[in-house]
Structure formats: structure tokens, C-alpha cells
Amino acid sequence: MSQDSHKQDAARAALKHVLPELTPRSILGIGTGSTVNFFIEALAGEKDQFDGAVASSEATAERLRQHGIPVYDLNAVEPPRFYIDGADEANHRLELIKGGGGALTREKILAAASETFLCIIDETKQVDMLGDFPLPVEVIPMARSYVGRELVRLGGDPEYRAGFTTDNGNIILDVHHLDLGRPIKAEEAINQITGVVTNGLFAKRPADRLFVATASGVTEKG
Ligand code: 5RP
């Protein structure tokens with residue numbers, strides 16, 4: 001089975017988990033990426049079961065609207081009942097690296113603001129230790145060189161994501177070779193650098209439930 005069919009399996013399992021809890025007033029937070037796109041496709045068939053969604057990116061907002069799902073500003077609605085999103089890496093404590101698609105700041109806001117964070121991945125994203133995937137860091141453009149030097153001081157090897165601007169008008173540094181053995185400490189240390197908007201470690205606020213699609217089915221953790 002292909003990686004895409006696994007992503008679809010994880011998305012469907014999460015939808016099955018969400019549906020019984022929805023009411024016509026429910027708001028969902030929706031992440032960004034190819035796995036979540038499968039979730040949106042499945043969710044579109046159930047759009048009478050909830051009110052609407054808050055999107056973690058302009059791309060997701062556009063896709064939701066194309067499926068006829070109302071998109072709200074986070075400030076205009078009650079806290080989302082669920083936030084559903086993919087990840088680039090997940091460890092056994094449900095700590096994540098996210099931001100491969102560059103939407104990490106809005107993703108982190110939605111994860112923080114939502115009642116329950118469901119993460120959907122295929123098994124290739126499961127790791128014993130975070131850090132093979134370079135850690136995305138969103139940075140205010142004028143601070144790029146300064147933040148880069150500070151990330152080197154932390155042991156990392158930052159790479160400018162050329163030609164990419166986030167939905168917030170910022171740049172991304174993808175940081176290789178960081179020691180993420182203590183993910184909460186690393187998340188806090190990077191956030192302390194002036195000019196960093198946020199980083200893609202989701203350790204202080206990990207996922208609440210992880211759906212991992214494998215060749216033999218979807219396993220749920222958390
Ligand atoms: C976007 C993300 C995505 O969740 C992450 O990159 C995984 O993407 P995909 O589902 O396409 O593998 O954090 O910023």
C-alpha cells in the first residue's frame with residue numbers, strides 16, 4: 001500500500017473518532033498538508049454535522065471553502081472542539097516536529113486553543129527520537145542572520161528556506177543536526193531567541209491522540 005493510502009486511512013480513523021462528538025455548533029481546527037487534505041475530503045461529506053472550521057493556513061482555508069465548509073476567524077468563535085493535523089515526526093510521547101509546509105505558527109496557535117489535538121500520520125513519521133527532520137523555525141525577516149547565528153550557538157545548522165514566505169510574511173530557517181533529546185528544553189530555548197516567531201517543536205503542547213496508519217491498520221495512541 002502506498003504512503004498516500006496510509007495517510008487516507010489515518011485521516012478516516014480520525015474522522016470516525018470526531019464524528020460522534022460533533023454538534024451543529026461545533027468548530028474544528030484544521031491543519032495543513034497532504035494528510036490533512038485527505039481529512040478535509042472525508043469531512044466534506046459530513047459538513048451538516050458541525051458549524052465550520054478555523055484553518056491553519058490560507059491553503060487549507062481555500063480548500064475548505066472549495067468543499068463548502070465555512071471558515072471562521074479564530075477570534076470570532078468558541079474554542080475548536082478538535083484540532084486535526086499531520087506531522088513531520090512524532091515520538092512515543094506524542095511530541096512532534098511540524099512545519100514542513102511552513103504553517104507552524106498558526107498550527108501551534110490552533111493546537112493551543114483547541115480542546116483536543118488529534119495528530120494523523122503514516123508510519124514513516126514515527127521516530128524514537130525527534131530530529132532527523134530539520135526543525136522549521138519561523139523568523140521575522142530582519143532577524144534572519146542574527147537568529148541563524150544564535151541557532152548555530154545552540155548546535156544547529158540552519159538553512160534558509162529560499163523563495164518561501166509564510167502566511168504571516170516571515171521566513172523559515174530549517175535547522176539540521178540539533179540535539180532534541182530534551183524536546184521541551186529545546187522548544188523553550190529556541191523560542192527565547194529574539195526574532196523567532198515560533199519553532200516547529202510541539203513538545204510543551206504535544207498531541208492528545210496519535211493515529212498511525214500502517215500496512216496492518218491504524219493504531220491509536222494517547
Ligand atoms: C505543515 C505541517 C504538516 O502537518 C507536516 O508537514 C506533514 O505534512 P504531510 O501531511 O503533507 O506529510 O506541519 O506545516
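Strand 3 and strand 6 (residues 116-122) run parallel and are joined by 4 bridges. Strands count as paired when DSSP finds at least two bridges between them. Helices (H or I, at least four residues) and strands (E, at least two) are DSSP runs, numbered from the N terminus.

This is a predicted model: local features need pLDDT of at least 70, side-chain atom pairs count only at pLDDT 80 or more, and totals for chains, interfaces and linings use all residues. Residues are numbered from 1 along each chain as its sequence is written.

**Strand pairing**

Strand 3 also pairs with strand 1, again in the parallel sense. Strand 1 in turn pairs with strand 2, parallel too. The table lists the pairs.

| Strand pair | Sense | Bridges |
|---|---|---|
| Strand 1 (residues 27-30) and strand 3 | parallel | 3 bridges |
| Strand 1 and strand 2 (residues 52-55) | parallel | 4 bridges |
| Strand 3 and strand 6 (residues 116-122) | parallel | 4 bridges |

Gly-29 has a bridge partner in strand 3, Tyr-83, and another in strand 2, Val-54. Asp-85 has Cys-119 as its bridge partner in strand 6.

In a regular strand, side chains alternate between the two faces of the sheet. From strand 3 (residues 82-85), Phe-82 and Ile-84 point one way, Tyr-83 and Asp-85 the other, and all are buried. Buried means that 20 or more other C-beta atoms, placed from the backbone, lie within 10 Å of the residue's own; 12 or fewer is exposed, and in between is partly exposed. Strand 1 is covered on both faces: Ile-27 and Gly-29 are buried on one side, Leu-28 and Ile-30 on the other.

**Nonpolar core**

The largest nonpolar core holds 58 residues, and those with the most contacts inside it are Ala-14, Phe-39, Ile-84, Cys-119 and Ile-120. Such a core is a set of buried Ala, Val, Leu, Ile, Met, Phe, Trp, Tyr and Cys residues joined through C-beta atoms within 7 Å. Helix 1 (residues 3-18) gives the most to this core, with 6 residues. Beyond its neighbours within four places in sequence, Phe-39 is in contact with Ala-11, Ala-14, Leu-15, Ile-84 and Ile-120. Contact means C-beta atoms, placed from the backbone, within 7 Å.

**Ligand shell**

The ligand is surrounded by 17 residues, with Gly-33, Thr-35, Gly-86, Gly-100 and Gly-101 the closest. Helix 2 (34-44) and helix 4 are the elements that give two or more residues to this shell. The shell divides into 3 nonpolar, 10 polar and 4 charged residues.

The unreviewed UniProt entry annotates Glu-107 as "active site". Such annotations may be inferred rather than shown by experiment. Glu-107 lies in helix 4 (residues 104-113). Why does Glu-107 count as buried? Because 31 other C-beta atoms lie within 10 Å. Not counting residues up to four places away in sequence, Glu-107 touches Gly-31, Thr-32, Ser-56, Asp-85 and Lys-98. Helix 4 is mostly covered, with 7 of its 10 residues buried. Among them are Arg-106, Lys-108 and Leu-110.

**Asp-122**

Asp-122 sits in strand 6. Asp-122 counts as buried because it has 25 C-beta neighbours inside 10 Å. Setting aside neighbours within four places in sequence, Asp-122 is in contact with Gln-3, His-6, Lys-7, Ala-10 and Ala-213. Asp-122 and Gly-100 are 22 residues apart in sequence and 15 Å apart in space, C-alpha to C-alpha.

Technical notes. Two residues are in contact if their C-beta atoms, placed from the backbone, lie within 7 Å. A residue is near a molecule or strand if its C-beta atom, placed from the backbone, lies within 6 Å of it. Ala, Val, Leu, Ile, Met, Phe, Trp, Tyr, Cys and Pro count as nonpolar, Asp, Glu, Lys and Arg as charged, and the others, Gly among them, as polar.
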